[in-house]
Amino acid sequence: MDKVFIRGLKVDAVIGVYDWEKQVRQPLIFDLEMAWDIRLAAATDDLMHALNYQAVTEFIERFVREQHFQLLESLLERLAEALRKEFGMPWLGIQVEKPAVVPQARAVGLYIERGDQPAGDKR
């Protein structure tokens with residue numbers, strides 16, 4: 001199985017457990033790997049058979065801006081579920097970073113994988 005990826009997607013979100021966090025938008029940075037068989041798209045040169053990364057990007061931006069979560073865990077779990085359902089991807093790995101929230105670190109965040117991981121590609 002092939003992978004389509006998006007790296008460094010920045011989306012502003014209302015997320016956090018503290019009162020001040022619920023009043024401001026904070027940047028989140030997403031990296032995604034999505035399993036997709038690209039052979040039909042390559043053979044036909046037709047976007048209809050590809051995993052459209054622009055559509056995925058717009059879906060993520062809309063989802064994050066319209067939802068309000070306290071925890072990155074909740075956001076990432078719901079987003080992964082929504083992406084797999086919307087685009088029919090068999091597997092995805094998704095990471096989110098919340099920069100500059102812990103003074104001692106450049107960023108904090110999570111990485112999750114959902115679905116059936118492509119054969120021969122164990123992390």
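A salt bridge, as I use the term, is a side-chain nitrogen of Lys or Arg within 4 Å of a carboxyl oxygen of Asp or Glu. By that rule, the side chains of Glu-33 and Lys-3 form a salt bridge, at 3.4 Å from N to O.

Before going on, some ground rules. The model is predicted: local features need pLDDT of at least 70, side-chain atom pairs count only at pLDDT 80 or more, and totals for chains, interfaces and linings use all residues. Residues are numbered from 1 along each chain as its sequence is written, and side-chain values use heavy atoms, with hydrogens and water left out.

Back to the salt bridge between Glu-33 and Lys-3. This pair links distant parts of the chain, with Glu-33 in strand 2 (residues 26–36) and Lys-3 in strand 1 (residues 2–13), 30 residues apart. Helices (H or I, at least four residues) and strands (E, at least two) are DSSP runs, numbered from the N terminus. Glu-33 has a second salt bridge partner, Arg-7, at 3.6 Å from N to O. Here too distant parts of the chain are linked, since Arg-7 is in strand 1, Glu-33 is in strand 2, and 26 residues separate them.

Glu-33 counts as buried because its relative accessibility is 15%. Lys-3 is partly exposed at 29%, and Arg-7 is partly exposed at 46%.

How many salt bridges does the structure hold? There are 5. One of them joins the side chains of Arg-39 and Asp-37, at 2.6 Å from N to O. Arg-39 is exposed, at 61% relative accessibility, and Asp-37 is partly exposed, at 31%.

Now the interior. A nonpolar core is a set of buried Ala, Val, Leu, Ile, Met, Phe, Trp, Tyr and Cys residues joined through side-chain atoms within 4.5 Å. The largest one here has 31 residues, and those with the most contacts inside it are Phe-30, Ile-60, Leu-83 and Ile-94. Strand 1, strand 2, helix 2, helix 3 (72–87) and strand 3 (91–99) each supply at least two residues of this core. Helix 3 gives the largest share, 8 residues. In soluble globular proteins, nonpolar side chains tend to be buried together.

What does Leu-83 touch, leaving aside its neighbours within four places in sequence? Taking contact as heavy atoms within 4.5 Å, Leu-83 has partners that include Leu-32, Val-56, Phe-59, Ile-60, Met-89 and Ile-94. Thr-57 is found in helix 2 (residues 53–66). Thr-57 is buried, with a relative accessible area of 13%, and touches Ile-6 and Leu-9, not counting residues up to four places away in sequence.

Last, the annotation. UniProt, in an unreviewed entry, places the feature "domain: Dihydroneopterin aldolase/epimerase" at residues 4–114. UniProt positions are given in the numbering used here, feature names are shortened, and annotations may be inferred rather than shown by experiment. In the model, the end C-alpha atoms of residues 4–114 lie 15 Å apart, and the span is 32% helix and 34% strand.

Conventions. Buried < 20%, exposed > 50% of the residue type's maximum accessible area, 1.4 Å probe, protein only.
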